[in-house]
Every structure is written in C-alpha cells, then in structure tokens.
Amino acid sequence: MPASTGPIGIAGAGAWGTALANAAAAAGNDVTLWMRSPEQAAELSASRANERFLPGIRLHERIRPTADLSELAGARAVLLVTPAQTTRGMTAALANILPPEAPLVLCAKGIERETGDFLCNVVEQVRPGAPVAVLSGPSFAHDVARGLPTAVTIACTDAALSEGIATALSGPTFRIYHRTDVRGVEIGGAAKNVLAIACGAVIGRGLGESAKAALIARGFAELLRFARAYGGEAETLMGLSGLGDLVLTCSSAQSRNFAFGMRLGQGMSAADAAGGKLVEGAATAKALVALARAKAIDMPISEAVERILNGAWTLDQAVDALMNRPIKSELE
Ligand SMILES: NC(=O)C1=CN([C@@H]2O[C@H](COP(=O)(O)OP(=O)(O)OC[C@H]3O[C@@H](n4cnc5c(N)ncnc54)[C@H](O)[C@@H]3O)[C@@H](O)[C@H]2O)C=CC1
Ligand SMILES: O=C(CO)COP(=O)(O)O
C-alpha cells in the first residue's frame, strides 16, 4: 500500500461499508465514508449512526461521512462496498478522481450479470493496470461492527500490497489474512451466495439439517470444480473466503441469501422473498451457471437455484432432480 498518510476511503455506506469503516477506524485509520445520498451523509454526521443499514451501531469518531466522491481522491486505498452489479459504474466514477496508483479493494460478492465478468476483470477493463484487491470471508456486518471476532482474506496479485492492506485494516477483533489468488477469493464469495439460497430453501421447506449438511458438502464440491476450471487455487477455496464463508452463509438466517432461500422454501415468490434486501446470490446465479456451462462444469445445485429463480422448476422438482441423478463416485 502506498506509504501516504491519507485516510482509508470507503465507497458505499450500507451494512458492510459501515461495518468496514468501523473496523478500519478501530484499527487506527482515519476513514472517509462515501454514500450517494447527501441526506444520509448529513444524517450520519449528525447522529453518528446508520439506522437504515446497520441499526444499533455507533459510528467510530475517526469516520468522516460524505456524499462527495471526490473526497476519496487522497485515500491510501479505497474499499468499494456497493452491490456487485454496480461495480462497473462505481469503478468508472472512481477512475475519474483517483490517481492510477490508488488501490481499489473490492468488497462486493458477485459476478457481473450482463457480461459474466468477474469483478476484478470489470475493474481491469475500466482502470487498466491500476491495483485491485479482493476482500472476502465469513463476516456478517453486524458481527464485525459489534466487535465480535472474525477473520477474512484479502487477495491481490501484488503480495506486498495485500499484506500492507491486511496489516493496516486488521484490528483486535478483525483479522485479515493475505493471499495472491485473487480469482479463488472472488469465486468463493460469489458462488457461496448462490449455494446459501439452496440451503435456505431446504430449511424453509422443512427438509432437515441432514439435507442442509449434504448440500453444503456437495455445494463445496461444485465450488471447487468451478474454481479449478477458472484458475482459482483449491487451497484458497478451503480457506476463509471459500469454505469459511460457505459454512457461515449456509447456516444462518442472518444471511440475506439464506433468508431469501428460506422464504422461497416456505412458498413465497422470488419477487417477494427478497423483502427489499440485497440478495447477491439471486443476481449472480444466472452468470455463475452460464460460466459453468461454458466450460462443461457440473454444478447441479447452482443450476437448480437458477432454474427455481427463473421459474423453470418448483423447489420440489429441483429436489427430485438432485436426488435422482445417476449414482456416481463422490470424487467426480
Ligand atoms: N452485509 C454483510 O454482512 C456483508 C456484505 N458483503 C457484500 O458487500 C456488498 C454490499 O452489501 P451491503 O453493504 O450489506 O448491502 P446494503 O444493501 O446494506 O448496502 C448497499 C449500499 O450500496 C448503496 N448502493 C446501492 N446501489 C448503488 C448504486 N447504484 N450506486 C452507488 N451506491 C449504491 C446503497 O445506498 C447502500 O449504501 C454486497 O456485495 C455483499 O455481498 C460482504 C460481506 C459481508
Ligand atoms: O457475505 C456475507 C457474510 O460473509 C453476508 O451474506 P449475505 O449477503 O447473505 O447477508
């Protein structure tokens, strides 16, 4: 990370952006927190709370909210924490104000729906040659913001940069490991959301904890196949940003993806099940499945989620299809 004394910039003051702002401030950094709404920035400055996206959490005193994106220009690094599908537009806006050497840290979890591009590739297209890292792992915003301990992974092809950012943002309750396998880390974050929808649906439909555990294990198998085919390292998928986040998100209704799946399982329509919340797995499922098909990677659980979401299958049809596949080796 550049040795500049500038603040950490955070673009996006939803649940995760606000939690990361608190974590970065608790680690000893000044933080400039950007949000698109001037009203929200004024409200956050006055009340020091983000009641809409992260209720009950007090904003650290070292955080400065703003609605002026150009105020991120002097940041040592900018964490992009808006929904995955906004990555291209947000990166273009940031490219206009950031110097080319300023690192962008992608914190969203997803694949671009329209193009099927991984988010790092989107950034590379918009800001060619500029440093880009991915931060991902088991981390509910509320847990991190409340100072409950967890560990996540940051990946950048520049090992010194990922280590520098990991060191700068780690604190007593937020521990960041570093790696160079950017693709592996971003695949883990994007795909686990789709699998979490399946796990939620299983619980919502009353199919039991055994079914959920089987689904996590077979989901992990397809995640590994996908990652290997797209250049991710298996060790990364076995770590925090793969298995760690998969287990978290597939086990708790605190996850919006899992909660969405649960409501589908209870019979709600996809349109109603989101309940106005961001459900990244629903936005990514189609692109994930298209990428899998393009390389003939078998991803039956992700396929089933995509078919349920596009209305081709009911949940019961999906369960039937998954349970009646030909018997085969567990390693295939
Ligand atoms: N909430 C969590 O526990 C975690 C979330 N993430 C990831 O972080 C990303 C953001 O999630 P959350 O902060 O939880 O979502 P959120 O729904 O709480 O907040 C999203 C933020 O992005 C802003 N936004 C929405 N559309 C925008 C646009 N077109 N341009 C600019 N800003 C826009 C919203 O105003 C809001 O401030 C997602 O990809 C999610 O998967 C990652 C780890 C943990
Ligand atoms: O990514 C997350 C935890 O690591 C948050 O998951 P949800 O987006 O499903 O709430």
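**Close-up views of a predicted model**

View 1. The end C-alpha atoms of residues 181-319 are 34 Å apart, and the span is 73% helix and 0% strand. Helices (H or I, at least four residues) and strands (E, at least two) are DSSP runs, numbered from the N terminus. An unreviewed UniProt entry gives residues 181-319 the feature "domain: Glycerol-3-phosphate dehydrogenase NAD-dependent C-terminal". UniProt annotations may be inferred rather than shown by experiment. The model is predicted: local features need pLDDT of at least 70, side-chain atom pairs count only at pLDDT 80 or more, and totals for chains, interfaces and linings use all residues. Residues are numbered from 1 along each chain as its sequence is written, while chains are lettered from A and ligands numbered from 1 in the order in which they are written.

**View 2. The shell around ligand 2.** Ligand 2 is surrounded by 13 residues, the closest being Ser139, Asp245, Ser255, Arg256 and Asn257. A residue is near a molecule if its C-beta atom, placed from the backbone, lies within 6 Å of it. Helix 10 gives the largest share, three residues. Domain 1 (8-180) and domain 2 (190-324) both contribute to the shell, so ligand 2 lies between them. These bounds come from an automatic or database domain assignment.

**View 3. Gly137 in its loop.** Gly137 sits in the loop between strand 8 (132-136) and helix 5 (141-145). It has 22 C-beta neighbours inside 10 Å and therefore counts as buried. Buried means 20 or more other C-beta atoms within 10 Å of the residue's own, with C-beta atoms placed from the backbone.

**View 4. Arg256 in helix 11.** Arg256 belongs to helix 11. Arg256 is buried too, because 23 C-beta neighbours lie inside 10 Å.

Methods: Buried ≥ 20, exposed ≤ 12 C-beta atoms within 10 Å, placed from the backbone.
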